[in-house]
Amino acid sequence: MNKNKKNAKAAAQEPVKETAEETVDKAEVETENTDEKAEETAMEETPADDSAKKIEELNSQIKAEQDKYMRLFAEFDNFRKRTSKEKTEAYGDATAKTIGELLPALDNFERALGTPCSDENFKKGIDMIFSQLTGILEKLGVSEIEALNKPFDPQYHNAIKQAESDELDSDTVCEVFQKGYKLGDRIIRHAMVSVTV
């Protein structure tokens, strides 16, 4: 009886062992199949995914390079405008300073023309030099500031004297002591004037 029990137990245990072994085998086969399917799926998805990722990376790089280009272009354009403005201002400053240094000589020529002279040829020569000098200044864009009988404007006129006048309105320039000049909109020298009260 003991033998039968042992045989029965052994027989009962054997199918369980086989079942467990079969289950392990089945699990291994399923795992292998799943791994193969995963590899196949990965192989199928990888090229498409890689292409999409590469396209996204390239698009982001293109956008970054375009942004850099636009910023560089804007900086260069600002630099070009600033440089052009600085050149224009430097030229204007240099021209105004040079003309400002020549104005006393122009004043002296004008005074010389106003003095009486017995030698007509000498006076004619002075007049020609004066005309030539004023012609050069006009070509450079220098113009005289109108002052006589004009309303006083502190932007253009420097009042050094006040005078009473029955003929002119108040705050009107009645006498010019020294002519003023401007280069375009830039004042080279204010006109020194007398203003009515």
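A helix here is a DSSP run of H or I with at least four residues, numbered from the N terminus. The model is predicted. Its protein chain holds two helices and six strands. From the N terminus on, the elements run α-α-β-β-β-β-β-β. Of the 197 residues in the protein chain, 15% are buried.

- The whole structure contains nine salt bridges.
- One of them joins Asp 77 to Arg 80, with 2.5 Å between the closest N and O atoms.
- Asp 77 and Arg 80 both sit in helix H1. They are three residues apart, which is about one turn of the helix.
- Asp 77 also meets Lys 81 in a salt bridge, at 3.3 Å from N to O.
- Lys 81 lies in helix H1 as well, four residues from Asp 77 and again about one turn of the helix away.
- Asp 77 counts as buried because its relative accessibility is 19%, and the cut-off for buried is under 20%.
- Arg 80 counts as partly exposed because its relative accessibility is 45%.
- Lys 81, at 48% relative accessibility, also counts as partly exposed. The partly exposed class ends where exposed begins, at over 50%.

**A salt bridge between distant parts of the chain**

- Lys 179 forms a salt bridge with Glu 144, and their closest N and O atoms are 3.5 Å apart.
- This pair links distant parts of the chain, 35 residues apart.
- Lys 179 belongs to the loop between E3 and E4. Glu 144 belongs to strand E1, residues 142-145.
- Lys 179 is partly exposed, with 25% relative accessibility.
- Glu 144 is partly exposed too, with 41% relative accessibility.

**The sheet E1-E4-E5**

- Three strands make an open sheet in the order E1-E4-E5, and the pairing is antiparallel.
- E1 and strand E5 (186-189) stand at the edges. Each has a single partner strand, so one side of each has no neighbour in the sheet.
- Neighbouring strands of this sheet are turned against each other by 35° on average, direction ignored.
- E1 pairs with E4 in the antiparallel sense over four bridges.
- Glu 144 has a bridge partner in E4, namely Tyr 181. Glu 144 is also the residue that forms a salt bridge with Lys 179.

**The sheet E2-E6-E3**

- Another open sheet has three strands in the order E2-E6-E3, with mixed pairing.
- Its edge strands are strand E2 (157-163) and strand E3 (173-178). Each of these pairs on one side only.
- The twist from one strand to the next averages 30°.
- E3 and strand E6 (residues 191-196) pair in the antiparallel sense over four bridges.
- Glu 175 stands opposite Ser 194 in E6.
- As a general rule, the strands of a sheet pair through backbone hydrogen bonds, either parallel or antiparallel.

**The largest nonpolar core**

- The largest nonpolar core has twelve residues, including Ala 96, Ile 99, Leu 103, Leu 106 and Leu 113.
- Ile 126, Phe 130, Leu 137 and Val 142 are also among them.
- H1 gives the most, with five residues.

**A nonpolar patch on the surface**

- Tyr 69, Met 70 and Phe 73 form a nonpolar patch on the surface.
- Together these residues have about 360 Å² of accessible area.
- Phe 73 is placed in helix H1, which spans residues 2-114.
- Phe 73 is partly exposed, with a relative accessible area of 45%.

Technical notes. Residues are numbered from 1 along each chain as its sequence is written. This is a predicted model: local features need pLDDT of at least 70, side-chain atom pairs count only at pLDDT 80 or more; totals for chains, interfaces and linings use all residues. Side-chain values use heavy atoms; hydrogens and water are left out. Patches are made of residues with over 30% relative accessible area and no salt bridge: like charges are joined within 9 Å, nonpolar side chains (Val, Leu, Ile, Met, Phe, Trp, Tyr) within 5 Å. Accessible areas come from the Shrake-Rupley method with a 1.4 Å probe; for residues, only the protein chains shown count as cover. A salt bridge is a side-chain nitrogen of Lys or Arg within 4 Å of a carboxyl oxygen of Asp or Glu. Buried means under 20% relative accessible area, exposed over 50%, partly exposed in between (1.4 Å probe, protein chains only). Two strands pair if DSSP finds at least two bridges between them. Axes are lines fitted to C-alpha atoms, for helices over the stretch in contact, and angles run from 0 to 180 degrees between N-to-C directions. A nonpolar core is a set of buried Ala, Val, Leu, Ile, Met, Phe, Trp, Tyr and Cys residues joined through side-chain atoms within 4.5 Å.
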